[in-house]
Amino acid sequence: MLAGCAPERITLAPQASPPDGTDGRYRGTVRLVRAADRSCPRSGPRVLQIVGGRIAMSYNAGPRQRVELATTVQGDGKISTSDGVGTMEGQLGGGRMDLTIASALCEHRWSMTRVP
């Protein structure tokens with residue numbers, strides 16, 4: 001065997017755990033900022049639960065089409081995922097969470113505060 005022909009090893013860094021105090025109920029307002037279809041949910045109050053550092057929700061990807069979107073909050077509080085149809089991007093910290101949930105038809109901005 002020739003030197004330098006061995007397969008290269010790739011090591012991935014472990015994902016940092018979500019920040020302490022992430023789990024709990026968050027309450028706030030969701031604002032509809034873009035709607036290309038009348039099936040998009042309207043603006044209004046919402047409650048979101050984080051368990052084990054994980055956020056999971058369903059959203060409207062089209063008329064009568066609910067899609068699950070889930071991710072784990074990263075160690076720096078960043079929230080980011082896509083299922084190929086919709087995206088969830090945001091930041092969590094200091095008892096606040098700001099998210100943007102978007103698909104081809106709808107876009108919502110979430111402003112949430114952790115509640116006891």
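This is a predicted model: local features need pLDDT of at least 70, side-chain atom pairs count only at pLDDT 80 or more; totals for chains, interfaces and linings use all residues.

Colleague: OK. Which residues lie nearest the centre of the largest pocket?
Modeller: Pro41, Ser58, Tyr59, Arg66 and Trp110. They belong to a lining of 14 residues.

Colleague: And what's the volume of that largest pocket?
Modeller: About 230 Å³.

Colleague: Which strand gives the most to the lining?
Modeller: E3, with four residues. E3, E7 and E8 each supply at least two.

Colleague: How many of the lining residues are nonpolar, polar and charged?
Modeller: Eight are nonpolar, four are polar and two are charged.

Colleague: New topic. How many disulfides does a search of the whole structure find?
Modeller: One. Cys40 and Cys106 form it, with their sulfur atoms 1.9 Å apart.

Colleague: Which parts does that pair tie together?
Modeller: Cys40 lies in the loop between strand E1 (24-35) and strand E2 (44-51), and Cys106 is in strand E8 (residues 106-115). So the pair ties together parts that are 66 residues apart in sequence.

Colleague: Why is the disulfide called left-handed?
Modeller: Because the torsion about the S-S bond of Cys40 and Cys106 is about -90°.

Colleague: Are the two cysteines, Cys40 and Cys106, buried or exposed?
Modeller: Cys40 is buried, and Cys106 is too.

Colleague: On to the largest nonpolar core. Which residues there touch the most other members?
Modeller: Ile55, Met97 and Leu99, out of 18 residues. The elements that give two or more residues to this core are E1, E2, E3 (54-62), E4 (65-72), E6 (87-93), E7 (96-102) and E8.

Colleague: Take Ile55. What is it in contact with, leaving aside its neighbours within four places in sequence?
Modeller: Its contacts include Leu48, Ile50, Leu69, Val73, Ile79, Met88 and Met97. Ala70 and Thr71 are also in contact with Ile55.

Colleague: Last one. Where is Thr81?
Modeller: In strand E5 (residues 78-82).

Colleague: Why does Thr81 count as buried?
Modeller: Because its relative accessible area is 17%, and buried means under 20%.

Colleague: What is Thr81 in contact with, leaving aside neighbours within four places in sequence?
Modeller: Leu69, Ala70, Thr71, Gly86, Thr87, Met88 and Glu89.

Methods: Residues are numbered from 1 along each chain as its sequence is written. Side-chain values use heavy atoms; hydrogens and water are left out. A disulfide is a pair of cysteine sulfur atoms within 2.5 Å. Buried means under 20% relative accessible area, exposed over 50%, partly exposed in between (1.4 Å probe, protein chains only). Contact means heavy atoms within 4.5 Å. A nonpolar core is a set of buried Ala, Val, Leu, Ile, Met, Phe, Trp, Tyr and Cys residues joined through side-chain atoms within 4.5 Å. On a 1 Å grid over the protein atoms alone, a cavity is a set of points where a 1.4 Å probe fits but cannot get out, and a pocket is an open set with protein on both sides within 12 Å along at least five of seven lines; lining residues have an atom within 4 Å of a point. Grid points are joined across faces, edges and corners, and a volume is the space filled by probe spheres set on the points. Ala, Val, Leu, Ile, Met, Phe, Trp, Tyr, Cys and Pro count as nonpolar, Asp, Glu, Lys and Arg as charged, and the others, Gly among them, as polar.
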